[in-house]
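Please keep the sequence and the structure in view while reading.

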Amino acid sequence: MKEIAINTEYIALGQFLKLADCISTGGQAKFFLQDNEIVINGELDNRRGRKLYAGDRVKVEGCGEFVVVSS
């Protein structure tokens, strides 16, 4: 499980996908979320604006599993 460090209170799912190298630009987030399954803390979620906090676990279909940590 790869750690993704944030230096703010939270990060939006769309930004997270870019930080985790699942997409190369923020503009791809909408389409990526339509085509790929995202599981956050065991629940399916595809909202681009979903806030992720330190400790959240994210599983991205075709990209891997991640945990959000504060830096």
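Ala5 stands opposite Val69 in β7. The model in which this pairing is found is predicted. The strands β1 and β7 pair in the parallel sense, over five bridges.

These two strands belong to an open sheet of five strands, ordered β1-β7-β6-β3-β4, in which the pairing is mixed. At the edges stand β1 (2-6) and β4 (43-44); each has a single partner strand, so one side of each is left without a neighbour in the sheet. As a general point, side chains in a regular strand alternate between the two faces of the sheet.

## The hairpin of β6 and β7

Strand β6 (residues 57-60) runs antiparallel to β7, and four bridges join them. Within this pairing, Lys59 stands opposite Glu65 in β7. The two strands, β6 and β7, form a hairpin with three residues between them. Gly62, in the turn, has a positive phi of about 80 degrees.

## The disulfide

How many disulfides are counted in the structure? The count comes to one disulfide. The disulfide joins Cys22 to Cys63, with an S to S distance of 2.1 Å. The angle about the S-S bond is -95 degrees, and the link of Cys22 and Cys63 is left-handed. Cys22 lies in the loop between α1 and α2 (29-35), while Cys63 lies in the loop between β6 and β7, so the pair ties together parts that are 41 residues apart in sequence.

Are the two cysteines buried or exposed? Cys22 has a relative accessible area of 16% and is therefore buried, because buried means under 20%. Cys63, at 28% relative accessibility, counts as partly exposed.

## Two aromatic pairs

A pair of aromatic rings is described by the distance of the centres and the angle of the planes. The structure holds two aromatic pairs. One of them is formed by Tyr10 and Tyr53; this pair is tilted, with 5.7 Å centre to centre and 55 degrees between the planes. Tyr10 lies in strand β2 (residues 10-12) and Tyr53 in strand β5 (residues 51-53), so the pair ties together parts that are 43 residues apart in sequence. Tyr10 is partly exposed, with a relative accessible area of 34%, and Tyr53 is partly exposed at 33%.

Phe16 and Phe66 form an edge-to-face aromatic pair, with 5.7 Å centre to centre and 85 degrees between the planes. This pair links distant parts of the chain: Phe16 is in helix α1 (residues 13-19) and Phe66 is in strand β7 (residues 64-70), 50 residues apart. Both Phe16 and Phe66 are buried.

What sits over the ring of Tyr10? The charged end of Lys51 does, 4.6 Å from the centre of the ring.

Arg50 is found in the loop between β4 and β5. Its relative accessibility is 18%, so Arg50 counts as buried. The side chains of Arg50 and Asp45 are joined by a polar contact of 2.6 Å. Leaving aside residues up to four places away in sequence, Arg50 touches Ile11, Ala12, Leu13, Ile40, Asn41 and Asp45.

Conventions: Residues are numbered from 1 along each chain as its sequence is written. This is a predicted model: local features need pLDDT of at least 70, side-chain atom pairs count only at pLDDT 80 or more; totals for chains, interfaces and linings use all residues. Side-chain values use heavy atoms; hydrogens and water are left out. Rings of Phe, Tyr and Trp (its six-membered ring) pair if their centres lie within 6.5 Å; planes under 30 degrees apart count as stacked, over 60 as edge-to-face and the rest as tilted. Buried means under 20% relative accessible area, exposed over 50%, partly exposed in between (1.4 Å probe, protein chains only). A charge sits over a ring if NZ of Lys or CZ of Arg is within 6 Å of the ring centre and within 35 degrees of the ring normal. Two strands pair if DSSP finds at least two bridges between them. A polar contact is a pair of N or O atoms within 3.5 Å; within protein, one must be able to donate a hydrogen and the other to accept it, and residues adjacent in sequence count only if both atoms are side-chain atoms. Contact means heavy atoms within 4.5 Å. A disulfide is a pair of cysteine sulfur atoms within 2.5 Å.
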